[in-house]
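Please work through the exercises below with the sequence and the structure open beside you. Try each task on your own before you read its solution.

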Amino acid sequence: MNRLQVRKVSVTYRKKTGLKPVSLEATGGEIIGLIGADGAGKSSLMHAIAGIKSFDGEIEFDNHIYRSPKEAEKVKGSIGFMPQGLGLILYEQLGVNEHLDFFADIRGIKQDSAFRAYRERLLRMAGLSDFTERQAGRLSGGMMQKLALICTLLHRPKLLLLDEPTTGVDPLSRMELWDILNDIITKEKTLCIVSTAYMAEATQMDRVLLFEDGEIIDKGKAGELIEKVRPFSYESAPEPFENSITIHGYTYSLKPLKLKPKEPTLDAVFFINFLKKYGPIPEISIVHKDRDEDVPATIMEAKGLTKRFGKFVANDHIDMELNRGEILGLLGANGAGKTTFIKMLLGLLPIDEGELFLLGKRIKSANDRQMLKAKIGYVSQHFALYKGMSVRENLRYFANMHRIEPERTSGLIKEYANTLGFYSYLDALPTDLPMGINQRFSVAAAIMHEPVVLFLDEPTSGVDVVARATFWEMLQRLKEEWNIAILITTHYMGEAEFCDSVVLLRDGKKIADDTVKNLYQIHPDAHNFEDIFLDYYKKAF
Amino acid sequence: MRIGVIKAYFKKELLDIYRSKLILMVYIMPSMILILFGYGIKLEVTHTRTLIIDNDQSKASYDLVSAFEHSKYFNSEVKNLSENKALNLIKQDKKDLIIIIPESFEKHLLKGLKTSVGVYIDGSFPSRAKTTENYVNGVIYDAIMKRSGSEAESRALITINARNLFNQSLRDEDMIVPGLIGLVLLVAPAILSALLIVKEKEKGTIFNFYSSPVKKSEFLAAKLLPVLVLHGINIFILFLWAIYLFELPFRGSFLLYIFSSFIYIIISLSVGLLVSIITSSQIVALVLTLIITIIPGFLYSGMLMPISSMEGESVIEAHIYPVMYYTHILYDVFLVGDGLSASKNLLYLLILVGYATILLSIGALLLKKRVA
């Protein structure tokens, strides 16, 4: 019986703690989900079990006990591990068949007829049967991930460790990945440990472990976990209560409130945990700014914007409109063309075809943009902060860059730090900050010069539930206070809820563009945006 | 070790090198360096250790001696020795140049009779020897011209009897080409082996090794064999260039050439392996490998300066890097042909084997099958 026992395993990286002592027991046929933000300890646990990272404590699998990567060698034959990152284990230059041959050979699999049948079955399930000659570098993100999964399944592992296999993958491919997994697990009685950034996937799992700051804060069936926080979840309160968190239409409180209870989701577990640990979320406000009324109603208009890299079309005739006082969500899987589009807007990539209007002005050359730079704020995918400078120094640098008068700068930095709640971190280095603080301070750097439009590229990926919610709350306020236009990209389909309108990209093409309200009206049976977008993905084929 | 695993990796590596066009670098870079530098390098020589034997002891001979003493190209010493003893000094590598002024040098000049000055140059470094000869000619003709007035006259009066010891034919290529082979075969395999490993780290495919039962020895063999095979072919290509393009003689044993070259490639790819252990991006690995191979490769290959004329720390450094030992063997197989009967060659070959074993072992030991 593929039995896994993890006894008091902890992981450290040089000085930092990656994972505090964790114990776990599981048997074949189970799916165990690890849920939490980047750096919460999910990968550390996986690496320890996979025997590729030194750890303290003891792991037993298949009656083998190991305490180090060296001792884990003997179980590696029966483990399949897929690390985090889209198609990370694939070789760009090798074709689909060549991958399967390679993985079969390094695992020393006998290529008999039973194996060939299994291999064909995997190829069929992954929908790759027709692409056996195509090189991995030329597959779409979803296909790459499916190929990586079947390569990991090729030696019929008894223990399957998948580190965020679905992050950044389109909803349709994500469903197919889960289909393959469920099929294999029922037939082969595999023990499967999956980490995910998507709360919605927790329902697919037999048990979930919720991670935060290197600790497991709760574990059990998703239903049980939700049951535990039910007494603390209420309909959103009109006035803030003491010691409570009101966010995204919910109010969470440890003490009973005279409010209508509301059906919680797994997110609630994180809020309740936060409340227990740190108390309520510090209030965020926005620096006051006089509204300029001479800003045109249409901030950005793209007509047939196209970008090609060689033969590959990254953006195929995209039309889009961004209005004043609107949050527009640009959604899509990794590789759908979101970042390319933003980069064209900013002039970081030349436009191959189409017309672009910013603030009513047709943009043809770099000169046209120069005038507008002062009106645009931009936060890049990995937060373009200087790691060797403190938060204060970074902000001063950005202020200088935007030609804010030096006498005003110090006061301004204090004001933003106070209102956005990172005052106590002003003299810390960006690398020492929690992700959520980093995120807010990056936004501060981008809005200090009071732009009329803000472009945000994947600001929420890998950030924990509480910080993400706070971040969206901040964007809402910013929009209301400043009447600013915000264009934000994300691969979390669920975040569409917090936008005013959304544009959905798939393989460089626009497949949906509507306001959030309309989308709900058109799809009355949809529970959430995952369902709505799945519909568009299916139609686009 | 399981052959199947190594074969799978080997096949994948070759496909990858071919499809990513790395193959161009493997075969174009070494030949390019050899051809560019083989034609390109010309060297200036200063501070030639010079012995002047003045058999005349006259005003004219003193003038000539002082002309040498005042030149920065020569460190001259005047001594009365027999010709044989003086030549021995060159053989012992204590002098590079011997100038013999004949008796009745002044008398002949005054009478307008022809006279000849004997010059012996250490020919073991042809480029230096040739340059030295030109300088010597210049100094002598210049000194005589001051007396006679015109250059034509001084040329008519004096014959310079220059002879090179050891290396009669005197061609730059003979010295530079083996040195370049020593340089190229240190740089190129190191780069390829470093890239093959670091590429997997950078892309993340290294996890396939970490998380599978593939053994460390299998992974190493799989990564290093393609380098050995691909650059093994370069040993022959470079040999052909040397013989047919640069028309070098080949006096030694071909087997010794091949064997020592393969050992040397193992040293080089071990250097690449060590670099790949401490780096995780391809560009850093490339720059680091270039720096730690090219500089010693150039300095200690004997191309720029013979190791024998180095002093102090540079002698120690030259002996630390493996380049010197290999190029010594190369000079022997191309130019001398003593082979392993010369104890120095045998010793150097053993030193190379030692280097290969030690570097490869350290690399294998430091390579970890887990994330940092």
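Predicted model: local features only at pLDDT ≥ 70, side-chain atom pairs only at ≥ 80, totals over all residues.

**Exercise 1**

*Solution.* Begin with the bounds: the domain assignment of chain A places domain 1 at residues 3-220, domain 2 at 226-278 and domain 3 at 298-540. The C-alpha centres of domain 1 and domain 2 of chain A are 34 Å apart, and 12 residues of domain 1 are in contact with eight residues of domain 2. The size of an interface is often given as the accessible area lost when the parts come together.

The side chains of A:Lys228 and A:Asp218 form a salt bridge, with a distance of 2.9 Å from N to O. On the side of domain 1 of chain A that touches domain 2, the elements giving two or more residues are β9 (207-212) and β10 (215-220) of chain A. β10(A) gives the most to this side, with four residues, and by class the side has six nonpolar, one polar and five charged residues.

**Exercise 2**

Decide whether A:Thr470 is buried or exposed, and find which residues A:Thr470 touches.

*Solution.* First locate A:Thr470, which lies in helix α14 (residues 465-482) of chain A. The relative accessible area of A:Thr470 is 6%, and buried means under 20%, so A:Thr470 is buried. Finally, leaving out residues up to four places away in sequence, A:Thr470 touches A:Ile247, A:Ile281 and A:Ile284.

**Exercise 3**

Build up a description of the interface between chain B and chain A, from its contacts to the residues on the side of chain B.

*Solution.* Count the contacts to begin with: 25 residues of chain B are in contact with 28 residues of chain A. Together the two chains bury about 2,300 Å², with 59% of this area on carbon and sulfur atoms.

Then turn to the polar pairs, where the count between chain B and chain A is three salt bridges and 11 residue pairs in polar contact. One of the salt bridges joins the side chains of B:Lys369 and A:Glu73, at 2.7 Å from N to O. On the side of chain B that touches chain A, α1 (3-19), α8 (172-203) and α9 (207-210) of chain B each supply at least two residues. α1(B) gives the most, with eight residues, and the residues of this side divide into 10 nonpolar, seven polar and eight charged.

Methods
Residues numbered from 1 in each chain as written. Chains lettered and ligands numbered in written order. Heavy atoms only, no water. Domains from an automatic or database assignment. Contact = heavy atoms within 4.5 Å. Salt bridge = Lys/Arg side-chain N within 4 Å of Asp/Glu carboxyl O. Nonpolar A, V, L, I, M, F, W, Y, C, P; charged D, E, K, R; others polar. Buried < 20%, exposed > 50% of the residue type's maximum accessible area, 1.4 Å probe, protein only. Buried area = accessible area lost by both parts, 1.4 Å probe. Polar contact = N/O pair within 3.5 Å; in protein donor to acceptor, adjacent residues only side chain to side chain.
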